[in-house]
Amino acid sequence: MARSGKRWGQARSKKKGTFNPDDPRRVKHTRIGVWDLYEEQNPDFEHIPGSSWLEKLLEAYACLPYLLRMLRDILSIRSCWFLLVSYLAADFLHSLLPAASLWYNQTRTVDKNQLFHICGGRIACTLGRRLLNHALQELRGPLSRRLKQQYSLHLFHARARLDLPTFEDPMVQRQLEEASSTSGSIAWDTLVMASGIVSTSIQVVSQVTVLSQVLGAQQDGFLLAVLSFSASLSEWVTRWTVLANGQVWAATTKDKDYIRMVGLKHVVNNTEHRKELIAGNLSEFMTSEFKEISERVGPDNAVDFMEMRRISRGRQRFGFLTFVQDPLRELPQIVFTLRAVQYPASMPVSLASLNLLQQTTSQFSYTLWRFFEQTGSVTEQLATVRRLYNVGQIPNRIPDGKVPFPEDAQKIQHGVALEFRNVSFRYPGSEQYALRDVSFKLSAGQLCVIVGANGSGKSTILKLVARLYDAEEGQILLDGHDIRTLRLYDLRQAISVLFQDYTHFPLSIRDNIALGDPAHFRDDDRVRRAAELGGAAEFVGRLPEAFDTYLERPVRDYFSGIPEGTTSLFGRNIDYSGVRGAGGMSTRSGPTLSGGQMQRLAVSRTFMRSVVSEDAKVGLLLFDEPSASLDPTAEHDLFARLRELRGNKTMVFSSHRFGNLTRHADLILYMNDSVVVEAGTHDELLKRQGEYARLWMLQAQAFL
Ligand SMILES: Nc1ncnc2c1ncn2[C@@H]1O[C@H](COP(=O)(O)OP(=O)(O)O)[C@@H](O)[C@H]1O
Ligand SMILES: [Mg+2]
């Protein structure tokens, strides 16, 4: 009768405030082996149902609207109705069974008819329990999967819609983390909890009714029932306190040897260090180091924390209460015997029915215990429902504007004007300015190149134009509009950006390029043309799966016990190193491309939107060091192609290299340490004989 899949008894982080391990008043420090465990003490016995009840009740009350909304949403999922009603019906019948079998457990007088009746009833109960268990089992799967699918869409959108500063915020990350449980789905768990509470209540009420009827008819029955009941209940309570203990804790180790030992293991286990390990002749040395250090740490201490905790918990459980419990369990038997000796004439109940009584009370106390356990965590579960709905409402840090852009769809083909007015910016959580008082002006159709050393603020300028972040001070204007007033969707539609730290999605090469322009996502010809213009078509064509190639397969293949000679499976190379690492079995994903090839793919993606489509609404092209991983010839080709393809669109480049493109620029911004130091055309800046001129001469000489 234990329900599988319950999770709400476990503690999830639900507390407000902070946890400070160094607070001796609230935190208990124990050393287990090399580990320091800091457990929060519960002076107010928060985890015991009944304490701080009012607070919990109020919190639960505040969550109720979310629960109702969830029920409405669940019922609105098509194909859930039938499953749900069947599940609830089966659960209802199932909860009546314990009382029914309790009823049929009583043997009163030896009466043939009644015996038949009882036998029939008990068989029916057993069969019924089996059938209902089976039905519940069968319904549980499909129902929970439907709920899971529905809410994974909810969570997908909740995550997808967040902007960068919001998504990067650790508090938001935590909020998202808490809303997406990995073990099941919040909706399903809540449903199970709600139906569990209802069915446990039914069980309690029906069992009490039957039990009192049965006991009322028997002498001393009540006394024995109380004794059996307290014995079994005390058992449940100890189990529960073990579970509920130390819900807020943190552990760390300061043991230098242990830390070093684990570090050595990592070096040897991971592929990434192999090159240095081999070339540095480290294998023998590392082995002897490891041997020495693991001897020093000792076998009883070289244990991972969770393992260590399990060991120490096993010891705790052998406590005082367990000593009391065993005699307590014998108490009813003893009382029974004493009574029998005292009044041999009137045996209270038969020995057989004493056993039955003990069985049933143990079952009953389990039900009761579960009821408390469930109601104790209702608040917590309801809070997860609230979190689940709240993540859909996390406000974005970058507020949307109202003004549509561009006013004239035709005009944008000829570029947009871009202006920075005294823009200063610090990244969230950073004290240092990434940009300080930056001003410049670009007319529609001009080419601007931002040069400067690493960390001088080039990328930041481009990120601010796309409103990945908002400037702290000053204004950024697009065709004379403050970009904060423009509709975000329109603004980003008008801009095409290739970021320096671009990434590839774990999707096919085709999809990676096509995502440059969702409006033409299914247009294979455009994808191909974008790849050609971006210089990727050639090497992609040479891959076995060409455009359908996954650079990184998001789904692993699984295998087991494959003969040694097998080097590839499903057309992919097997990565046996995964087996060692995680005990997992997987095949290494996809081919590895060079940095330059990756960059060509990224360029192709931006071309998909900005160049290939004649109807493109893009007026501003931003390229952040697009040639950083290209060789000089490829760089030259790319720039030539970009100048030719951009038509009349405004273009901004950033580069830490001088020359090549800067000579063609209408405006060069030379940046150093978050400020624009010099601005002008190549000739102007050379004439000025400043920093730009000095660095250009340096680099030009290196090239000549
Ligand atoms: N996400 C970020 N969070 C905090 N600081 C950042 C972040 N990105 C860049 N910075 C800092 O902002 C400054 C400018 O960086 P960036 O614009 O990337 O320089 P560049 O592109 O010229 O190499 C640097 O000091 C860098 O450390
Ligand atoms: Mg950069």
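Buried means under 20% relative accessible area, exposed means over 50%, and partly exposed lies in between, with a 1.4 Å probe and the protein chains only. I begin with that definition, as it returns throughout this presentation.

The structure before you is a predicted model, in which local features need pLDDT of at least 70 and side-chain atom pairs count only at pLDDT 80 or more, while totals for chains, interfaces and linings use all residues. Residues are numbered from 1 along each chain as its sequence is written, chains are lettered from A and ligands numbered from 1 in the order in which they are written, and side-chain values use heavy atoms, with hydrogens and water left out.

Let me start with the overall picture. The protein has 704 residues, of which 42% count as buried. Its secondary structure consists of 23 helices and 15 strands; these are DSSP runs numbered from the N terminus, helices being H or I with at least four residues and strands being E with at least two. A contact means heavy atoms within 4.5 Å. Among the contacts with a separation of 6 or more, 75% are between residues 24 or more positions apart. The accessible surface comes to about 38900 Å², and 57% of that belongs to carbon and sulfur atoms; such areas come from the Shrake-Rupley method with a 1.4 Å probe, and for residues only the protein chains shown count as cover.

I turn to the salt bridges. A salt bridge is a side-chain nitrogen of Lys or Arg within 4 Å of a carboxyl oxygen of Asp or Glu. The whole structure holds 22 of them. In one, Arg397 pairs with Asp169, and the closest N and O atoms are 2.8 Å apart. Arg397 sits in the loop between helix H13 (351–390) and S4, and Asp169 in the loop between helix H4 (164–168) and helix H5 (170–179), so this pair ties together parts that are 228 residues apart in sequence. Asp169 is buried, at 18% relative accessibility, whereas Arg397 is partly exposed, at 42%.

A further salt bridge joins Glu691 and Arg694, with 3.2 Å between the closest N and O atoms. Both residues lie in helix H23, three residues apart, which is about one turn of the helix. Glu691 is partly exposed at 30% relative accessible area, and Arg694 is partly exposed at 45%. Elsewhere, salt bridges that share partners join Arg31, Asp36 and Lys254 into one network.

Next, the metal. Which residues coordinate the magnesium ion, ligand 2? They are Ser459, through OG, and Gln500, through OE1, at 1.9 to 2.0 Å. Donors are N, O and S atoms within 2.8 Å of the metal (3.2 Å for Na, K and Ca), and water is not among the atoms, so sites may look incomplete. Ser459 lies in helix H14 (residues 458–465) and Gln500 in the loop between strand S9 (495–498) and helix H16 (509–514), so the pair ties together parts 41 residues apart in sequence. Ser459 is buried at 17% relative accessibility, and Gln500 is partly exposed at 35%. Helix H14 is mostly covered, with eight of its eight residues buried. After H14 comes Arg467, whose phi is positive, near 55°.

The loop between S9 and H16 also holds Ser508, which is buried at 6% relative accessible area. Not counting residues up to four places away in sequence, Ser508 touches Phe547, Asp548, Thr549 and Tyr550.

Finally, the strands. Two strands pair if DSSP finds at least two bridges between them. An open sheet is formed by four strands in the order S5-S4-S7-S8, with antiparallel pairing. Strand S5 (433–442) and strand S8 (481–482) stand at the edges with a single partner strand each, so one side of each has no neighbour in the sheet. Between strands S4 and S7 there are five bridges, and Arg421 has Gln475 as its bridge partner in S7.

Strand S14 (residues 667–672) has five of its six residues buried, so it is largely enclosed by the rest of the structure. S14 runs parallel to strand S6, joined by five bridges, and pairs with strand S15 in the antiparallel sense, also over five bridges. Met671 of S14 stands opposite Gly452 and opposite Val676 in S15. S14 and S15 form a hairpin with two residues between them, and Asp673 in the turn has a positive phi of about 55°.
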